[in-house]
Amino acid sequence: MYVYDRHDQKIVDERVAQYRGQTERYLAGELTDEEFLPLRLQNGLYVQRLAPMLRIAVPYGLLNTRQLRALAAISRTYDKGYVHISTRQNVQINWPELAEVPDILAELAAVQMHAIQTSGNCIRNTTTDQFAGVAADELADPRPYCELIRQWSTLHPEFAFLPRKFKIAVCGSREDRAAIHAHDIGIELVPNDAGVIGLRVLVGGGLGRTPVIGSEICPWLDRRHMLTYLEAILRVYNQHGRRDNKYKARIKILVKAMGVDAFRAAVEREWQAVKDGPTTLTEDAFEYAESFFTEPAYRELDGADEARALDRQCADEPIFGNWVARNTCEHRVSGYRSVTISLKATGYPPGDITAENLELLADLADRYSFGELRTTHQQNLVLADVAASDLYTLWQALQAEGLATPNIGYLTDVICCPGGDYCSLANAKSIPVAEALQARFDDIDYVYDLGPLDLNISGCMNACGHHHIGHIGVLGVDKKGEEFYQVSLGGSQGKDASIGKILGPSFRQDDMPDVIERILNTYVSLREEEESFLDTYRRVGIEPFKERVYATAD
Amino acid sequence: MPRLIKDGRIVEEPTAPMLHSLEDWQALTDKTGTAVQLEPGDDLSPLLPHLGSIEVVAVSFPAFMDGRCFSYARELRERGYTGEIRAVGHFIRDQLTYLSRVGVNAFAPAGDLDLDDALGSLADFTEFYQASNNEPLPLFRRRT
């Protein structure tokens, strides 16, 4: 993974010193709340319902075990001994003291981490596929691109006071696991006719109040132009994005208002001014970035042998076999598999993990996965490089600590924002809804029978739970001071991304398990053979679901 | 006498430049030695043919959160403007590094911003990833 040199370290250290000064000035009354707001936000600090929340950047979801242990230690010293994995692959702690945040940032800097631009109206953490570098369907490793974007966007002098937040995602595989259609800029690494990898650029996707699927503004861009082209897009947005209404300030509104062709033309115009300038990437720059994402020292394994041995173990212990089937996936290298650790056990807030378990995973990652671990936008964790012959001992260690919930990609693998329990923006709580659903659908065989199902819950329009792109989306709304939940169906985050359609009037929290059950029963009764929920929905449309849910609701 | 930060020092200015609004400035027949103030939302293009003759471009901050002027300053420098770019209005000291990096070289804040403190903020960072006015090459072209 990427390792700081003295330049990177200096930038992060100077940022900590700057923020320490800003915090001192704020506490001394020399900075107003209004002035301090963007400064703390751009250092990851929100002021929440009960306490501040610090969002720590995990660039494109990659962590080494030293960093994991540092996060565990920080959560013990400064917080309540657990952390939350966000839907943008970051790590959040929910109870830090505002005055201690500079110390936390200094401890992060000591392990090459930071909280720069994890919030505020600026370019946020660039996200990608949690299986980057190991996925069997990968065309190009997106991580060097992400790192180059991270560096370019970090403390960019021109784009620190944008109309609104700005999110970039990169995908380099056939299947899109980075939700690039739902980002302000989505980049897909694609070959041209000559087989040279370049960038397909989408712009103006996003969730929130007005969900939009991104539009293509460039079908193939030579990768050396990546940063100048991004700069041109950001400049058009910075100058012309709306600033009068924060709900209309995202780039998607500007792209809609101008029309994608006019937007593209404006970007082209700005691009001509910076194209081929010093920000044009060099082959050396790519080589340098790529040098950090080389293959670990894989053992030479006989894939067929390993597979037979694994099959035997799975047959001998069906619970293990089930976990292998649900929580591990194919690896580019023969004899290896990637393991997803579910943070969606019933009874725990989705995405939360204790300091002790972080340390356990650090030990396991050191032993079985080359000392690295990844966060996913589905709020789980990944050990990307595990030899098939190590899976059994790994599983035993996970199972002993309740970390082997075999539900990846199924109904109970709920994606859920922290909601009204923590977040001051939320209209409604989201964690209790997730817990009630996990408790209701506790029959794992039934859950498997339902097949792959994304259920996403957001506590408000900001859509941190990405409810618009869940096959089933749940949105917390406020109705005259009471918490209600609106349900949408048919969202999808893949390359065939779609925005879910609202089912109808919203429901009370207590009714939610029944409502979801009726939706699932409708699917089960209408599905043909092996059809997934999404396929059935796309075939029959929303009406049959609507009829059955509301017919029995009275 | 009014004081401001200019080229990294606090200086006194006996006579302030006559800052024209963009509209008034466009009406001037002779642009030589003129000074124009850009508000967020103004169109930069009328200035471009006259970059050699303008003496001061002021970029205005009616509110510090409005970041459009960062792009104006950067674009002016990219197009070869070498005269003064002066930030005026309600920016805060924590924005000074960013402002100087996009090419602002004079700072005349409204309100009670202490110029000595502000001067200190200009040195918040000594290393940068991006190409900018104070560092023509991005870090990826400078790593050793």
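**Note on the strands and helices of chain A**

1. Helix H6 (residues 226-240) of chain A lies across E8, E9 and E10 of chain A, at about 160° to E10(A). Helices (H or I, at least four residues) and strands (E, at least two) are DSSP runs numbered from the N terminus. Axes are lines fitted to C-alpha atoms, for helices over the stretch in contact (heavy atoms within 4.5 Å), and angles run from 0 to 180 degrees between N-to-C directions.

2. This is a predicted model, in which local features need pLDDT of at least 70, side-chain atom pairs count only at pLDDT 80 or more, and totals for chains, interfaces and linings use all residues. Residues are numbered from 1 along each chain as its sequence is written, chains are lettered from A and ligands numbered from 1 in the order in which they are written, and side-chain values use heavy atoms, with hydrogens and water left out.

3. The open sheet has five strands in the order E6-E7-E8-E9-E10 (chain A), with mixed pairing; two strands pair if DSSP finds at least two bridges between them. Strands E6 (127-128) and E10 (215-221) of chain A each have a single partner strand, so one side of each lacks a neighbour in the sheet.

4. Within this sheet, E7 (residues 168-171) and E8 (residues 185-191) of chain A run parallel and are joined by four bridges. A:Cys171 stands opposite A:Glu188 of E8(A).

5. In strand E15 (residues 381-387) of chain A, seven of seven residues are buried, meaning under 20% relative accessible area (1.4 Å probe, protein chains only). Five bridges join E15(A) to E12 (residues 336-341) of chain A, running antiparallel.

Methods
Buried means under 20% relative accessible area, exposed over 50%, partly exposed in between (1.4 Å probe, protein chains only).
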